[in-house]
Each structure stands twice: as C-alpha cells, then as structure tokens.
Amino acid sequence: MKTAAELKFGEKVKINDIDTSNPSHQRIIEFGFTPGQEIELVSKAAFDDPLAFSVRGSLIAMRKKEAGCIIVS
Amino acid sequence: MKGTVAKSIPLITLVGPPNSGKTTLFNLLSGKNYRTVNYPGSTVEYSTSNFSAKYNLNAEILDSPGIISLIPNSPDEKVSVDSLFFHPRLGSPDIVICTIDASQLSRHLLLVLQLIESHFKLIVVLTMNDILSKKKLEVSAEKLSSYLDCDVIKVDGRSGNGIPNVIDAVNKNLNELNENSKVKPKPYTAESGKQGLIDFYNRIETITDEVLSDVPGNGKIDLAKANKQLKIISTPYVGKKNSPDELTLKIDRILLHKFWGILIFVLIMGITFSSIFWLADPVMGLVDSAFSYLAQFTIYILGHNWLSNLLADGLISGLGSVMVFVPQIVILFLILGILEDTGYLARGAMLIDKPLSKIGLNGRSFVPMLSGFACAIPAMLAARTIPNRRERLLTIFVIPLMSCSARLPVYALLIAYLTPSDKPWIGGFLLASIYIFSIITSVTVAAIINKFRKKLIKAEDNSSFILELPTYKIPKPITLFRNTYSSTKQYIFRAGPVILVFSLVIWFLTFFPNVSPQIDTHNKTEDEIVQMERSERLETSYAADLGKGIQPFMTPIGMDWRIGVALISAFVAREVFVSSLALIFKVTDKSNDIQSSLLSSMNKAEIQNSGKKLFTTSTIVGLIVFFVFALQCLSTVAVSRKETGSWRIPALQLVIFTSLAYLMTFITVNGLRFLGVN
C-alpha cells in the first residue's frame with residue numbers, strides 16, 4: 001500500500017482512499033483530497049518535510065506524517 | 001437577549017476561503033466608516049463598514065476571517081464560524097456573500113454547499129476569472145446559479161467590474177427578505193465525517209463538470225495560435241481544470257528549493273530586519289529633533305518653572321519617546337504586509353516547519369513569531385491560527401522573547417552610548433548581534449519549556465501542519481496601506497496613553513516634594529543653577545525614597561537606584577525606560593536633540609558617594625541583556641491572560657522571564673568585570 005508520503009518529486013498519482021485513523025484526515029478531505037482525484041508532489045522543504053501537493057488546481061503543504069493517510073494507487 | 005440584538009439596518013457578511021479575494025471585495029464595497037481590529041497573518045478580528053455612498057445602499061458589511069469549511073479546526077476558525085451564525089454585536093446576517101476563486105472552483109464550492117445546507121440567504125461572487133481564462137476555461141455563472149439556486153456574480157477585483165451587479169443582487173435579496181419573513185440559519189450539522197465530505201465533493205464534481213467549459217476560439221486564422229489551441233484541446237479536460245498556476249510552480253521551484261529556498265529565506269528575513277533600521281533612521285532623526293525643539297521652545301516661552309518643566313520634560317519628551325519609533329513600526333508592518341500579500345509567508349511557514357517542530361512549535365508559529373518583532377500583542381492574537389493547543393500556548397509563551405519594536409528605542413540609546421562616533425558601523429553590528437542573540441534565546445527557551453511542557457503548558461493534542469500555498473500575486477497597494485495604517489494607529493493608541501501617564505507619574509515622583517531646593521547661587525551661570533537645582537531636587541524626591549528600597553537589588557548588578565526606578569517604570573511598557581532615564585538624568589539643554597543630551601548626561605553620571613562611573617560597558621551590556629529577557633509590558637501580560645484563558649501562563653512568563661533577566665544581567669555584568677571589561 002503506497003501513500004502520498006512516498007511519492008517522488010513530480011510523480012502524478014490518483015488517490016485511492018483516505019485513512020481515517022489519522023487525526024488530520026477530515027481536514028485533508030476538506031482541502032480536496034478525495035478518492036479519484038489526481039495529485040502531484042510539487043515541492044519538498046529541506047529535510048524532505050513538509051511536502052507540497054497539487055490537488056484540484058491548488059497547492060497544499062502538509063507534513064509527511066499527514067500525507068501518510070492519503071493512500072494512492 | 002439571545003437572538004434579539006437590536007439592529008436598525010441589514011447586516012451583510014462576507015465569507016470565503018483564504019485567498020479567495022474576500023478582502024478585495026470588502027475594500028471595493030466599503031465606505032468611509034471602515035473600522036478594523038486586524039493583525040498580520042490573516043483578517044482575524046472583524047472589519048466592518050457601511051456601503052460606499054455611491055451605491056446608495058443602507059446596510060452594514062462585515063468582513064470575516066477566511067475559512068474553508070463550516071467545521072472549525074482552530075480557535076480562530078471557531079470564532080469565525082460561530083459569529084457567522086450569530087455575531088455577538090451584530091446578530092445574524094441577513095445576507096451572506098461568499099467569494100470563491102473560479103480557478104479553484106471545486107475546492108471552494110465545499111463552503112458554498114455547506115452555507116446552503118445551513119439555510120443562509122446566499123450570494124456567490126466568483127473571483128479570479130482572469131486566472132481561469134489563462135487556462136482557456138470559463139465558468140457559466142448562469143448555470144452555477146441554477147445549480148445552487150442563488151445569485152452568482154463574476155467580479156474582477158482589479159478593475160471592479162461586476163460590482164454594480166453585486167449591488168443589484170443585494171438589493172434584490174433584501175427585497176425578498178422584506179416580503180418573506182427571515183429564515184434563521186441553523187447551525188451546521190451535516191455529517192462531517194469522511195463519507196459526508198466525499199459525498200459533498202461528488203456533488204461538486206457533477207456541478208463543476210457542467211459549469212466549466214472551454215473558452216470558444218475567436219475564429220481568426222492564426223496558425224501558431226490554432227496549433228496551440230489544438231494542443232490544449234488534445235490534453236484531457238480534467239488535467240487542464242486541475243493544473244495549478246504555471247508561474248507559481250516555476251517560482252516555487254526556486255523559493256522552495258532545498259538549498260536555494262533556505263538561502264533566500266534567510267536573505268529575505270535579513271533584508272526585512274535591516275531595512276527596518278536603515279529606512280527608518282532618517283525619519284526617526286526628524287521626529288526626535290522636532291520634539292526636542294518643541295520642548296526647548298516651551299521652556300524658552302515659559303521660562304524655568306514647574307509648568308514648563310511639566311510640559312517639556314513630562315509631556316513632550318514622553319510623547320516624543322513614543323512617536324520616535326513610529327517610522328520603524330510602519331516599515332515593519334508594511335514589509336510583513338508585502339510578504340503576506342505576495343504569498344511568501346505561507347512558503348516561509350512551510351520551510352521552517354521542520355526545525356520549529358523539533359522544539360515543540362509549528363510552521364504556523366512562524367507568522368506570529370515574526371509579528372512578535374513588531375509587537376507581542378498582535379503576535380499573540382495571530383497565534384490563534386495554530387490549531388494545536390499545545391503549540392499555540394508554547395508559541396504565546398515565547399513571543400515576549402521576540403525583540404519587539406518597543407525595545408528598539410532602549411537598544412538604540414544603549415548602543416549609541418557604546419558606539420564611538422567615528423565608527424557608526426559598530427552600532428549596526430551590535431544591533432544585529434542583539435537580534436541574533438534574542439532569536440537564539442527564544443529558541444533555547446522554547447526547547448526547554450517544551451521539555452517541561454507537561455508541568456508548564458498542560459496541554460497535549462495532535463500536532464498538524466496543513467497549509468494552502470497561495471498563487472503568487474503582486475500586492476494591492478490600497479489593501480497594504482489600509483492594513484499598515486490601521487495597525488500603526490492601533491499601536492499608537494495602545495502605547496501612547498500608557499507612556500503619557502507614566503511620564504507624568506515619573507515626572508511627579510522626580511519633581512516633588514522639594515520643588516525649590518536651596519542652593520548656593522554664588523558665582524554661577526544661570527544654566528549651572530538650573531542644573532544644580534535639578535540634581536538637588538532629584539536627590540530629595542519621592543523617586544529617591546522609592547529608590548532606596550531597590551538599591552540592594554541594583555548593587556549586585558553594578559547599578560544604582562536611578563536605573564532601578566527607570567527599570568521598574570519600564571514594566572508598564574519597555575519604551576518608558578528611555579523617557580524615564582531622560583527625566584532622571586537628562587536636562588533639556590541647548591544641544592541638538594533629546595538623545596545626544598541624554599547621552600552626555602549619562603556619561604557624567606556617577607554612582608552616588610563613590611565617584612565611579614555609573615554607565616560603563618559592563619552595565620550597558622548588562623542592561624541590554626536585561627531587556628532581551630524581561631517581560632516588561634502590562635498589555636502583553638493582559639493579552640496573554642486573555643488568549644490562554646487563565647493566569648497560569650502570564651504568571652509563569654512574568655516570573656520566569658524576569659528572574660532570568662536579573663540572573664543573566666548579574667552573570668553578564670560580573671562576568672565582564674571579571675574579564676577586565678569595566
């Protein structure tokens with residue numbers, strides 16, 4: 001099972017599911033990360049954390065830990 | 001009284017996700033009686049206004065903080081959501097106008113759907129249509145309107161196109177309200193869980209598929225253009241709809257680069273702080289000269305008596321010591337505003353999240369801490385945007401250690417004392433060192449407090465950092481100036497009265513009871529007589545009596561009661577230190593300005609009955625160290641109490657920072673003396 005936290009720079013994938021065991025999952029869905037959406041890893045801060053994703057035409061930064069609840073195909 | 005706030009005119013509330021052009025719309029609609037209590041980092045607190053007179057519309061308009069959903073996720077968002085339903089002063093809105101970014105339609109429609117579910121009378125304003133048309137797409141406002149069953153209007157924030165249509169829609173909706181009785185919004189209770197939100201998004205996708213369409217070609221035969229369009233048509237429609245701004249991605253490749261990103265970040269922060277000093281310096285000189293001229297002029301007109309003394313030394317010098325660093329505050333707020341409006345602050349927060357999380361803070365602590373360099377009060381308010389309670393309390397805890405602008409006049413004076421007049425660069429170097437030292441100090445203290453957080457902070461919950469990185473934009477000067485103006489005004493009106501009152505109190509304590517001391521006037525010039533009278537009056541004053549009690553604390557750090565009185569008065573507000581020193585040591589003499597005459601009398605000051613100089617390198621450095629640590633600001637304590645909900649944290653801050661200040665000053669002064677620096 002691959003998550004958004006493991007994406008490489010510039011890698012485009014589709015979201016499969018959101019893991020509800022992560023306390024931030026609701027906010028992540030509110031930001032538009034829903035199953036079926038295509039996301040791309042666009043930037044990584046120093047130390048590879050946080051990560052920035054493109055989703056629905058916006059850029060959203062989040063910690064690696066949080067990106068871990070976005071399950072991708 | 002619940003639900004029945006007296007209201008004579010209709011209330012129209014603006015809501016919208018952050019960066020959806022909400023404040024721009026507010027500026028376009030609002031009239032002359034614009035009021036705001038806002039702070040850097042967001043539009044938290046409220047701006048209210050009437051409609052601009054040209055629209056001939058009698059209604060109150062309220063700009064609320066940006067939210068992405070009606071399910072709050074931070075204290076900041078909870079306030080916004082609660083007061084959207086029922087504002088404590090203004091009641092429930094008659095109409096809600098929701099701004100949404102057309103280029104981020106699918107994300108921003110979530111809030112719109114939630115507002116409709118809550119039965120608000122809604123008008124949707126579509127902004128940033130130009131960004132969408134760059135992607136060769138457009139939204140059909142008519143179709144969207146029929147899907148949502150409310151008015152949808154396109155507005156261009158730069159030109160103001162579409163504003164008349166907004167006014168028409170407001171009038172139309174207000175008339176409808178008059179005919180039907182007002183429906184009260186019901187608190188948002190729809191399923192907030194995963195499936196509920198996903199269902200919302202499924203509905204949104206059906207809507208966006210219908211309302212978004214390609215911009216039709218204009219029929220001209222232009223081969224290059226036609227090819228380009230062909231290419232675009234050949235790319236899948238979904239990909240086009242969901243691609244972020246190209247330029248923003250390119251800029252981010254540099255500004256969020258692992259190496260260059262950090263370098264540019266450090267550079268931007270460096271330029272920010274150095275420009276506060278370089279740009280403000282000439283203006284500050286002007287303000288200082290103006291006030292000292294006014295003080296001398298007063299004495300010249302009224303002669304030497306208690307009234308002229310009260311006006312010149314108590315009132316004018318006190319006022320001058322506040323006004324002199326207004327230029328620096330203006331510049332700091334202006335730069336913060338530019339960084340915010342271009343979209344860079346969010347990137348700064350992302351870059352610094354990892355290091356800050358190591359000491360128990362959050363990337364979102366960045367903006368509050370940065371604002372702390374201007375003033376701790378707006379900084380503590382800005383900390384409301386941090387969703388995690390522990391991180392928010394810890395951020396509030398360390399904010400008083402940020403070198404706020406009230407310390408500047410103190411440092412400026414002390415540094416001027418140490419800087420040889422032929423080597424002015426030493427002053428800049430010393431000031432930079434103080435800033436770096438205070439940053440290191442606050443990081444260290446945050447790390448230590450974080451270690452003891454179970455005992456000190458008493459809050460623990462899930463730490464998170466999710467932040468939208470807005471599209472880069474060129475800031476709008478009008479918004480920038482409005483915000484800078486209101487922040488500066490707030491600052492002056494908060495600090496001003498306190499300083500004035502304390503200047504008068506200190507003046508009273510140093511002037512009475514021995515108003516006309518008996519001295520030997522034989523063979524003395526008039527100036528010398530005034531001088532001697534002053535020092536005699538001071539030594540027999542109430543302040544001196546008070547000072548005897550402080551002397552035992554001041555001797556170990558190489559100072560005397562006169563500095564003690566100034567330090568105690570500085571607990572009201574740090575900048576009072578300078579005006580108090582001015583009153584205690586200075587004579588309004590014929591030299592150029594307040595500072596240089598104060599410096600020369602500081603140079604002459606001796607520790608009583610010892611003949612030793614009072615202000616030496618070691619005591620000056622000791623004083624600087626004291627100001628780096630000490631929490632000397634009543635307003636900060638009050639705001640800390642309000643923002644943390646109890647006296648625990650402000651009391652801890654006061655005790656820890658003040659004893660740390662005394663201890664570090666003791667170590668510094670005696671350490672320097674041990675090393676042979678007097």
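A: We start with a definition. Two residues are in contact if their C-beta atoms, placed from the backbone, lie within 7 Å. With that in hand, take α14(B), which lies across β4 and β5 of chain A together with β10 of chain B. The helix α14(B) runs at about 140 degrees to β10(B). Keep in mind that the model is predicted.

Q: What confidence does the predictor give the complex, and what is the mean pLDDT of chain A and of chain B?

A: Where pLDDT is low, the predicted coordinates should not be read in detail. The complex has an ipTM of 0.94 and a pTM of 0.77 from the predictor. Chain A has a mean pLDDT of 91, and 100% of its residues reach 70 or more. Within chain A, confidence is lowest in helix α1 (residues 25–30), at a mean of 89, and highest in β4(A), at 94. For chain B the mean is 80, with 85% of its residues at 70 or more.

Q: Over which residues of chain B is the pLDDT below 50?

A: One such stretch is residues 230–238 of chain B, which has three contacts in the model beyond near neighbours in sequence. Residues 1–6 of chain B also stay under 50, and for them the model has two contacts beyond four places in sequence.

Q: How do I read a sheet, and what is the order of the strands in this one?

A: Strands of a sheet pair through backbone hydrogen bonds, either parallel or antiparallel. Here seven strands form an open sheet with antiparallel pairing, in the order β1(A)-β6(A)-β2(A)-β3(A)-β4(A)-β5(A)-β10(B). The edges are β1 (2–3) of chain A and β10 of chain B; each has a single partner strand, so one side of each is left without a neighbour in the sheet.

Q: How many bridges does β10(B) share with β5 of chain A?

A: Strand β5 (residues 58–62) of chain A and β10(B) pair over four bridges, in the antiparallel sense. In this pairing A:Ala61 has B:Leu467 as its bridge partner. For a pair inside chain A, look at β2 (residues 12–18) and β3(A), which are antiparallel over three bridges. There A:Lys12 has A:Glu40 in β3(A) as its bridge partner.

Q: Are the residues on the two faces of β10(B) buried or exposed?

A: In a regular strand the side chains alternate between the two faces of the sheet. In β10(B), B:Ile466 and B:Glu468 are on one side, B:Leu467 and B:Leu469 are on the other, and all are buried. Both faces of β10(B) are therefore covered.

Q: How many residues does each chain give to the contact between the chains?

A: Chain B gives 35 residues and chain A gives 34. On the side of chain B, at least two residues each come from α3 (105–117), α7 (194–211), α10 (246–255), α14 (344–358) and β10 (466–469). By class, this side of chain B has 15 nonpolar, twelve polar and eight charged residues.

Q: Why does B:Tyr201 count as buried?

A: The cut-off for buried is 20 or more other C-beta atoms within 10 Å. B:Tyr201, in helix α7 of chain B, counts as buried because it has 24 C-beta neighbours inside 10 Å.

Q: Which backbone features stand out in the loop between β3 and β4 of chain A?

A: Most residues other than glycine have a negative phi, and most peptide bonds are trans. A:Asp48, in the loop between β3 and β4 of chain A, has a positive phi of about 60 degrees although it is not a glycine. A:Asp48 counts as exposed, with 12 C-beta neighbours inside 10 Å. In the loop between β3 (38–44) and β4 (51–55) of chain A there is also A:Pro50, joined to A:Asp49 by a cis peptide bond with omega about -5 degrees.

Q: What is the phi of B:Asn19, and is B:Asn19 buried or exposed?

A: Phi of B:Asn19 is near 65 degrees, a positive value in a residue other than glycine. B:Asn19 lies in the loop between β1 (11–15) and α1 (22–29) of chain B, and is buried, with 23 other C-beta atoms within 10 Å.

Technical notes
Residues numbered from 1 in each chain as written. Chains lettered and ligands numbered in written order. Nonpolar A, V, L, I, M, F, W, Y, C, P; charged D, E, K, R; others polar. Pairing = 2+ DSSP bridges. pLDDT = per-residue confidence, 0-100. Axes fitted to C-alpha atoms, helices over the stretch in contact; angles between N-to-C directions.
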